[in-house]
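Hi,

Here's the model I said I'd pass on.

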Amino acid sequence: MREIFAGMPWWIKWVAVPVIALVVFGGLIASVVGFVIGLLFKLLLFVALVGGLIYVVRKFTSSSSSRSDW
């Protein structure tokens, strides 16, 4: 493989081959990147919802315990 690329101009190695790889594997790369971004968004949403739930539960439990002290 190295001998094949040795006789080629620089633009074949650094422009044409990556462009061909992007054309061939572009859909796969886009789907993997989309899956990872979607997973990160769902994880962030999950953390925000759990944090909000913990905040609401602590707020109500602290206010109900302070009322019982009266």
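Below is what I found in the chain.

First, the housekeeping: this is a predicted model, where local features need pLDDT of at least 70, side-chain atom pairs count only at pLDDT 80 or more, and totals for chains, interfaces and linings use all residues. Residues are numbered from 1 along each chain as its sequence is written, and side-chain values use heavy atoms, with hydrogens and water left out.

The chain has 2 helices and 0 strands (DSSP runs numbered from the N terminus: H or I of at least four residues for helices, E of at least two for strands). Its radius of gyration is 27 Å, well over the 11 Å the globule rule gives for 70 residues, so the chain is more spread out than a compact globule (C-alpha atoms only; the rule is 2.2 Å times the number of residues to the power 0.38). Along the principal axes, the C-alpha atoms fill a box of roughly 90 × 20 × 15 Å.

Val15 sits in helix H2, residues 10–69. Its C-alpha lies 43 Å from that of Ala48, 33 residues away in sequence.

Cheers
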